[in-house]
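Dear colleague,

I am passing on the structure we spoke about, together with some notes on its side-chain contacts. Please have it open while you read, as the notes follow individual residues.

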Amino acid sequence: MAMNMDQLNVIPFDNINMGSEDDPNTALHLQHHQPHNFDFDFDYPNNNDDDLLEPTSLSDPNLDPYEGMEFDSEQSARIFYNSYARRVGFSTRVSVYQRSRRDGSIICRQIVCSREGFRREGNENRSKRQRTVTRVGCKAQMTVKKQSSGKWAVTKLVKDHNHEFVPPDKVHSLRSHRHVSGSARSLIDTLQAAGMGPSGVMSVLIRESGGINNVGFTKVDCQNYMSNSRQRTLGPGGQAVFDYLKQMQAEDPGFFYAVQGDFENSTGNVFWADANARMNYSYFGDTITFDTTYRTNRYRVPFAPFTGWNHHGQPLLFGCALLLNESESSFVWLFETWFAAMSGRCPISITTDQDRIIRAAVSKAFPGTRHRFCKWNVLREAQEKLSHVYHSHPTFEPEFHRCINVAESVDEFESCWESLLQRFDLSDNEWLQSMYNARQQWVPVYLQDTFFGEMSIMQGSDSINSYFDGYINASTNIHNLIKQYEKAMAVRHEKEVKADYDTLNSPPVLKTPSPTEKQAANLYTRRIFMKFQEELVETLAYLATVVDDTGSAITYQVAKFGEDHKVHHVRFNAFEKRASCSCQMFEFSGIICRHILAVFRVKNVLTLPSNYILKRWTRNAKSGVVLDEHTLGLPCNTQESLAARSENLRQEAIRYVEEGAESEHIYNVAMGALHEAIRKVAAAKKCGSAPVQTTVFNGSEQLQWCSLDEDEKIQELRAELEQASQRCEAYRTKLLSVMKDMEERKLRISVKVQNVRLKMKD
């Protein structure tokens, strides 16, 4: 029986071996959190490393934890438990954790009540000030362990506490619930620059937030932030980062980095991207996430990666930044620098948090890109801004989440939102009004017409996809940042290679005799096919009924059997084989929905039209693509060009091996072609870098120099293409006219037949 290697190293918490986090031989560690500035817990959303399937929904009305409860990542579990603690009235902290001996990633975590254990005795003379006793031996805790599926499950839960809970109006003062948010930092920076002190700043924050309970942190936290902001630099460890960037660029000309301001003593932002990140963007740069999780005060390094999704639905890296300056101009510089490194091609969509400064910078740097706020961040902020409502009306939170997540149309959301405000008397709430005004940037129903690369509209960025989940955390400092960065990249690459291998060597089990399913199984990567297969199988329970057959496009009403109240409408053009659905799943995720597939079944469309196969989700997403090195801003024959060509050859070779080994005859043909290719490559190397072409003369192949002028040839091809396009458009117009005429004749004949039947009845 196959065993999960991670599970071979599980050690019971009763037999804990203490060790340093930097010790690779230690599988289990105990974190000692010493009080220091900006140690605020649980401020970060994350997804599992490569899980695109729908996450555990935090919008479930039953928000209490239970054994067996699953999460997409360890950090999602920590976030949920801290949210639960806020509602109940206690604070949390992380305790022991366990690392995998295979790759060093965390596979088990214990989250406890902050009053767990007892303070260590001794060292009484170190400080004259008597510290308040906060540890009283509370046993409340939740342990989560990573499963073979990649999910994190609650394996142990203790709910009972041995102390009183903090009342709702005081819970904001507990350490794990204190958080200087991005918007608050921006306001503090502005007021501090104007010469205002901590007391004045807090007064403004209290007034803007509608009360001290809604600020989210204390005056001491504000003072600490203001003091720290005056000296925000990389510190002594910064030189190690700069040395690393210089070394990488010396070794790889395709490695890009930039520093804002003085290089030696930078107080501006730092950005870098390696050759693979820039190359991957050419394949998968349609949607990106700017993950500012790690810039929050509880982290020691203000780290912010640009990420996306590869063809397996795994997180992909497009570059990294160190945020030492959080002004609008600095974010604009960062986005424009990233944009230049990525060949100046804008993404279709970008996901960030709802920080006002980031919002303004995105609108300036990417004016044509759809900007979405991380929905999880919005809901977390709602817990702070609406804490009084959450406590006085227990049903508000699940209804609020249901309004946001379940609405399938704009009208349904608008009606639900208005009803919610009236029932809970929140029409005058300023925060809700501000979020309603920005609803098109975070409510799923307004975003479903844009590609975000997620498998479900309802997933809607419940949490930002984190490439570095499990590798960079609150204990990571600037000294070991690069080490963890490289470790994460190595593991991610290994997972992509494994997913490539599984796609090619583990054919999925087909569940229907449909040619469409067989076609998709040969096109998509394994993970994406599983999602497509789910949609295809569901069509068996759906009925498609014509509701309007006038014109060139027919409108169908599609509903699941027995659920006529949940209807979607599909417009289908039989001539063009194009369909659009009101659910807009294809526009959002790039995977065709069950409603369109149901119409295809009715109309006997047995294979997927090419316009419904998004190449970025196929097994050949990275093959057959020749990167334009000049567009990427790269010199020819650099190591980055070499990396790009090597990647293309690797992908083609994998497919060649797979097809060439099918039979002995094909194997012999493949080997002959391979030997011939080796001979041609050797001849090309002798001829130098000039392009060659192969011609047949007197029965033998000879190498000849390309004699055609490339520019003239391109112009000729463009002219021919333009003429062909014009002819096709003329034929299309004529054919549409003929079809329209046929439809009109059909209608007239139908009317005549109906009249004849009526006369016969008379």
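Let me begin with F413 and W417, which are separated by about one helical turn because they stand four residues apart in helix α12. This is a predicted model, and in it the two residues form a tilted aromatic pair, with 5.6 Å from centre to centre and 45 degrees between the planes. The angle counts as tilted because stacked planes are under 30 degrees apart and edge-to-face planes over 60. Both F413 and W417 are buried.

A second pair, F600 and Y612, is edge-to-face, with 6.0 Å between the centres and 75 degrees between the planes. This pair links distant parts of the chain, since F600 belongs to helix α19 whereas Y612 lies in the loop between α19 and α20 (639-660), twelve residues apart. F600 counts as buried because its relative accessible area is 2%, and Y612 counts as buried because its value is 4%.

Across the whole structure, the search finds 39 aromatic pairs. There is also one aromatic cluster that brings together F256, F271, Y281, F290, F306, F318, F331, F335, W338, F339 and F366.

Two arginines are placed over aromatic rings. R439 lies over the face of Y436, at 3.9 Å from the ring centre, and R616 lies over the face of W617, at 4.5 Å from the ring centre.

Turning to charged pairs, a search of the whole structure finds 21 salt bridges. In one of them, the side chains of K364 and E328 meet at 2.6 Å, taken from N to O. K364 counts as exposed because its relative accessibility is 55%, while E328, at 25%, counts as partly exposed.

Another salt bridge joins the side chains of E399 and R423, again with an N to O distance of 2.6 Å. Here too the pair links distant parts of the chain, with E399 in helix α11 (residues 396-406) and R423 in helix α12 (residues 410-423), 24 residues apart.

The side chains of R594 and E535 meet in a salt bridge of 3.0 Å, N to O. This pair also links distant parts of the chain, as R594 is in helix α19 (residues 594-602) and E535 is in helix α17 (residues 526-538), 59 residues apart. Are these two charged residues, R594 and E535, buried or exposed? R594 is buried, because its relative accessible area of 16% falls under the 20% limit, and E535 is buried as well, with a relative accessible area of 3%. R594 and E535 also belong to a network of salt bridges that links them with K531, E534, E538 and K560.

Finally, there is an annotation to set beside these contacts. The UniProt record, an unreviewed entry, gives "domain: SWIM-type" for residues 568-604.

How values were computed: Residues numbered from 1 in each chain as written. Predicted model: local features only at pLDDT ≥ 70, side-chain atom pairs only at ≥ 80, totals over all residues. Heavy atoms only, no water. UniProt positions renumbered as here; feature names shortened; annotations may be inferred. Salt bridge = Lys/Arg side-chain N within 4 Å of Asp/Glu carboxyl O. Buried < 20%, exposed > 50% of the residue type's maximum accessible area, 1.4 Å probe, protein only. Helix = DSSP H or I, 4+ residues; strand = E, 2+ residues; numbered from the N terminus. Phe/Tyr/Trp six-rings, centres within 6.5 Å; stacked < 30°, edge-to-face > 60°. Lys NZ or Arg CZ within 6 Å of the ring centre and 35° of its normal.
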